[in-house]
Amino acid sequence: MLHYVGLDVSVKSVSICVVDRERKVLARGGTSSDPDVIALFISVHAAGPERFVHESGILAIWLTRELEKRDLPVICIDARKVHKALSGRINKSDPGDAEGLAQLARTGRFSRVHIRSEASERVRVLIGARECLIRIRKDLEAHVRGVMKVFGIYMGSVGRASLRQGFRDQFAEAGQTNPALGVMAGMFIPIHRPCARLWKRGMKISGSSRAKAALPAVS
C-alpha cells in the first residue's frame with residue numbers, strides 16, 4: 001500500500017497526517033519537531049512512504065536535511081502556493097493543514113523548493129554577519145564625524161579603503177586627549193578586524209569564484 005505523508009511544522013510541534021492512494025486518512029498525530037520523533041511516528045504508521053512533504057519555513061532547511069539523513073523521501077514545498085491550495089478548506093487547523101499537505105503529496109500538485117547545501121548555508125551566514133558588521137561600522141563612522149565636530153575636529157570622509165586607516169588614526173589621536181572620545185575609539189577601531197576575518201573565512205569555506213563575486217571587498 002502506498003502511503004503519503006503531510007507535515008504541518010511549527011517551532012515546537014509538528015502535526016502529521018498519513019493518507020493512502022484512495023485519499024483515506026490512515027493516521028493522524030502530533031509530535032515535537034525532533035526529527036527522530038517524527039521518523040519514529042512515520043515508521044509506525046507509514047513504513048516506507050511514497051512521498052513526504054512539508055512547507056518552506058523557518059525550520060524547513062534543517063528539518064529537510066535531518067529527515068533525508070534518516071532515509072525519508074521528504075520534499076519541501078512552496079508555502080505561498082500551499083496557502084492558496086489550502087485556503088478553501090473549511091477546517092483551518094494544524095491537523096487539517098497536515099491532512100491537506102498529505103493530499104497534495106498524494107496528487108503531486110505542488111512546487112518543490114530547492115534546499116541549499118550546508119556549505120552554501122555557511123557562506124550565506126558569514127555574508128549576512130559581515131554585512132551587519134559593515135553597516136554598524138558605517139553608522140559609527142557617521143556618528144563619529146558628527147560628534148567630533150562638537151569638539152571642533154573635522155573628520156574626512158571614508159569613501160575608499162585607503163582613507164579608513166587615516167580616519168582611525170585621527171580618531172585614536174583625538175581619543176588620547178579626551179576620555180569620552182577615547183572610549184568611543186576603543187569600541188570603534190576593533191570593528192574592522194572581524195569584517196576582514198569573515199571575508200577570508202567565507203572564501204576558505206566556499207572555494208568558489210561565484211561566492212567571491214557575491215562578497216564585496218573589505219573597505
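Leaving aside its neighbours within four places in sequence, Asp 97 is in contact with Asp 8, Leu 86 and Lys 92, where contact means heavy atoms within 4.5 Å. Asp 97 has its place in helix α4, and with a relative accessible area of 11% Asp 97 is buried; in this report buried means under 20% relative accessible area, exposed over 50%, and partly exposed in between, with a 1.4 Å probe and protein chains only. Helices (H or I, at least four residues) and strands (E, at least two) are DSSP runs, numbered from the N terminus.

The model is predicted, and local features need pLDDT of at least 70, side-chain atom pairs count only at pLDDT 80 or more, and totals for chains, interfaces and linings use all residues. Residues are numbered from 1 along each chain as its sequence is written, while side-chain values use heavy atoms, with hydrogens and water left out.

## Salt bridges

Side chains of opposite charge can pair when their charged atoms come close. A salt bridge is taken here as a side-chain nitrogen of Lys or Arg within 4 Å of a carboxyl oxygen of Asp or Glu, and by this rule the count comes to seven salt bridges. One of them joins Arg 28 and Glu 99, whose closest N and O atoms are 2.8 Å apart. This pair links distant parts of the chain, since Arg 28 belongs to strand β3 (residues 25-32) and Glu 99 to helix α4 (residues 94-107), 71 residues apart. Arg 28 is partly exposed, with a relative accessible area of 45%, whereas Glu 99 is buried, with a relative accessible area of 16%.

Another salt bridge is formed where the side chains of Arg 70 and Asp 36 meet, at 2.8 Å from N to O. Arg 70 lies in the loop between α2 (60-69) and β5 (74-77) and Asp 36 in helix α1 (residues 35-45), so this pair ties together parts that are 34 residues apart in sequence. Arg 70 is partly exposed at a relative accessible area of 28%, and Asp 36 also counts as partly exposed, at 45% relative accessibility. Glu 66 and Lys 69 meet in a salt bridge as well, at 3.3 Å from N to O; being three residues apart in helix α2, Glu 66 and Lys 69 are separated by about one helical turn. Glu 66 counts as buried at 17% relative accessibility, while Lys 69 counts as exposed at 53%. Asp 36, Glu 66, Lys 69 and Arg 70 are linked in a network of salt bridges.

## Nonpolar cores

A nonpolar core is a set of buried Ala, Val, Leu, Ile, Met, Phe, Trp, Tyr and Cys residues joined through side-chain atoms within 4.5 Å. The largest such core has 16 residues, of which Val 5, Leu 7, Ile 16, Ile 38, Ile 42, Phe 52 and Leu 67 touch the most other members. At least two residues of this core come from each of β1 (3-9), β2 (13-20), α1 and α2, and the largest share, four residues, is supplied by α1.

Leu 67, again leaving aside its neighbours within four places in sequence, is in contact with Leu 7, Pro 35, Ile 38, Phe 52, Leu 72 and Val 74. A second, separate core of 13 residues includes Val 53, Ile 75, Ile 77 and Ala 98.

## The second largest pocket

On a 1 Å grid over the protein atoms alone, a pocket is an open set of points where a 1.4 Å probe fits, with protein on both sides within 12 Å along at least five of seven lines, and lining residues have an atom within 4 Å of a point. The second largest pocket has a volume of about 160 Å³, a volume being the space filled by probe spheres set on the points, with grid points joined across faces, edges and corners. Among the residues that line this pocket are Arg 23, Leu 86, Glu 99 and Arg 109. The elements giving two or more residues to the lining are α3 (79-86) and α4, and α4 gives the most, with six residues.

By class, the lining has three nonpolar, three polar and five charged residues. In this grouping Ala, Val, Leu, Ile, Met, Phe, Trp, Tyr, Cys and Pro count as nonpolar, Asp, Glu, Lys and Arg as charged, and the others, Gly among them, as polar.

## Positive phi values

Most residues other than glycine have a negative phi. Arg 23, although not a glycine, has a positive phi of about 75°; Arg 23 lies in the loop between β2 and β3 and counts as exposed at 55% relative accessibility. Asp 71 has a positive phi near 60° and is likewise a residue other than glycine. Asp 71 lies in the loop between α2 and β5, and is exposed, with a relative accessible area of 71%.
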